[in-house]
Amino acid sequence: MSADVAASTSSLPPLADLVKRSAKRTRLIYGVDAAEIDDGLFGANKIKLATKLAAEYKDVQTLPPALQAQAGPAGPKRAAAASSVPANGGVKLITGLEDAGSTSSSTFSAASEPRALVKFRHQQGFAAEGGQATSKLSQALMRKKEAREVKPVYHPQWKLSRVISGHMGWVRAVAVDPGNQWFATGAGDRVVKIWDLASGELKLSLTGHISTIRGLAVSDRHPYLFSCAEDKMVKCWDLEVNKVIRHYHGHFSGVYTLAVHPTLDVLVTGGRDASVRVWDMRSRANIFTLSGHSSTVADVKTQDSDPQIISGSMDSTVRLWDLAAGKCMTTLTHHKKSVRALAIHPQEYSFASASAGGNNIKKWKCPEGTFVQNFTGHEAIINTLSVNQEGVLFSGADNGTLTMWDYATGLPFQHLKDIPQPGSLDAEAGVFCSTFDKTGTRLITGGADKTIKVYSEQA
């Protein structure tokens with residue numbers, strides 16, 4: 001048995017020969033040259049490019065008959081003398097990729113392109129020649145740009161018409177009677193003064209605060225005047241008897257701003273304790289304490305639709321509040337510095353906010369608080385904003401500069417300078433408060449020179 005096994009193993013060929021033969025067969029079967037395999041990819045790319053070129057340039061593949069006649073039988077003149085004339089008598093076809101050995105790059109070079117064809121394309125408006133506005137395409141783009149740009153409405157110029165003296169301190173607050181008969185001012189002399197709007201005469205002085213008065217508001221539906229001051233007090237004055245009938249206690253520090261809700265019996269105040277407080281006008285109850293700001297609340301505004309309360313703070317944020325839930329809906333953090341003033345447009349569903357520095361006046365869309373645009377051009381610390389029904393926005397600054405804006409476009413149409421009254425320092429030219437009267441044709445401002453200035457629209 002062992003002899004048979006030995007005989008069979010000795011008859012097998014050597015292992016090295018078997019491996020060599022196997023490798024040879026494998027190479028013969030699988031070792032076809034890769035260049036011979038055509039997967040169709042190259043052809044597909046070629047067709048794709050040719051189709052793209054045909055679709056894009058089909059309108060300009062051939063010269064129009066008029067230009068062909070101009071060019072003559074020899075074809076159009078070329079910029080480069082070395083380039084050859086097309087064999088098809090002036091017809092320039094755009095084809096796909098050529099072989100690698102051919103001079104395909106010269107076909108697409110700018111030098112070989114017929115000048116007449118380029119000129120014709122410019123005339124037809126396919127491109128603007130040298131950036132000129134003569135082509136149809138350029139003109140269409142210019143028209144489109146002009147359509148996008150909203151042109152400002154014409155607004156008459158404003159002029160200082162009256163200066164009223166009477167306060168013994170900085171005039172920090174102003175409010176106009178809903179009947180447009182009188183207006184009230186509050187100042188650092190702790191007195192609320194009522195003035196006749198037509199003549200500018202003093203009608204009444206209300207005393208009771210023991211510190212600078214910072215905010216005033218007149219109710220549309222009640223004979224009430226509300227005042228707030230740095231003495232932490234919020235007072236309700238009954239104008240039928242000219243006496244304080246209610247106090248609203250709750251602020252831990254000076255109260256800097258207040259607003260009366262246009263449709264509800266609700267009063268909103270804000271101050272140095274960084275809170276916005278909502279009061280029931282009649283019961284004096286503190287309905288909500290809206291907390292969220294981290295610094296002094298400088299201005300607060302109310303409207304009858306959401307957000308019903310908008311507050312601006314020295315923490316450089318604007319907050320929109322949900323009055324029903326007593327919570328913050330949105331926080332706007334676009335401002336870089338303290339937000340000192342807010343203004344709600346009487347008809348448009350939008351508002352503006354102002355701070356210090358560049359791009360310091362911003363317009364927002366309600367109810368989400370979507371940013372609309374910046375009002376650029378009043379580089380100062382803006383203390384007050386006011387807007388009327390005609391779309392005139394007023395901004396008054398700490399350095400006495402006043403700017404009138406077109407509210408729709410954000411473009412300024414008039415720059416004024418607050419001139420301090422004789423005997424005042426130039427540093428006392430600051431404007432602290434402002435409001436338009438109910439007609440929107442008079443602007444009342446209060447400033448650091450202790451005067452009230454009335455500006456009138458020039459007819």
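V19 is exposed, with a relative accessible area of 54%, where exposed denotes over 50% relative accessible area, buried under 20% and partly exposed in between (1.4 Å probe, protein chains only). The model is predicted, so that local features need pLDDT of at least 70 and side-chain atom pairs count only at pLDDT 80 or more, whereas totals for chains, interfaces and linings use all residues. Residues are numbered from 1 along each chain as its sequence is written, and side-chain values use heavy atoms, with hydrogens and water left out.

V19 is placed in helix 2 (residues 15-30); helices (H or I, at least four residues) and strands (E, at least two) are DSSP runs numbered from the N terminus.

Strand 11 (residues 266-271) is mostly covered, six of its six residues being buried, with V266, V268 and G270 on one side and L267, T269 and G271 on the other. Strand 11 pairs with strand 10 (residues 255-260) in the antiparallel sense over five bridges, pairing being assigned where DSSP finds at least two bridges between two strands. V255 stands opposite G271 in this arrangement, and a hairpin through five residues joins strand 10 to strand 11. Strand 11 is also joined by five bridges to strand 12 (residues 275-280), the two running antiparallel, and V268 stands opposite V278 of strand 12. The hairpin of strand 11 and strand 12 has three residues between the strands, and A274 within this hairpin takes a positive phi near 65°.

T302, located in strand 14 (residues 297-302), is buried at a relative accessible area of 14%. A polar atom of the T302 side chain lies 3.0 Å from the backbone oxygen of V260. Not counting residues up to four places away in sequence, the residues touched by T302 include V260, V268 and I344, contact meaning heavy atoms within 4.5 Å.

I344 belongs to strand 18 (residues 341-344), from which I344 and L342 point one way and A341 and A343 the other, all of them buried. Strand 18 pairs with strand 19 (residues 350-354) in the antiparallel sense over four bridges, A341 standing opposite A354, and the two strands form a hairpin with five residues between them.

L443, in strand 27 (residues 442-447), counts as buried at 0% relative accessibility. The C-alpha atoms of L443 and V454 are separated by 5.6 Å, although these residues are eleven places apart along the chain. V454 is among the residues that L443 touches, as are W158, F394 and M404, when residues up to four places away in sequence are not counted.

Definitions and conventions: A polar contact is a pair of N or O atoms within 3.5 Å; within protein, one must be able to donate a hydrogen and the other to accept it, and residues adjacent in sequence count only if both atoms are side-chain atoms.
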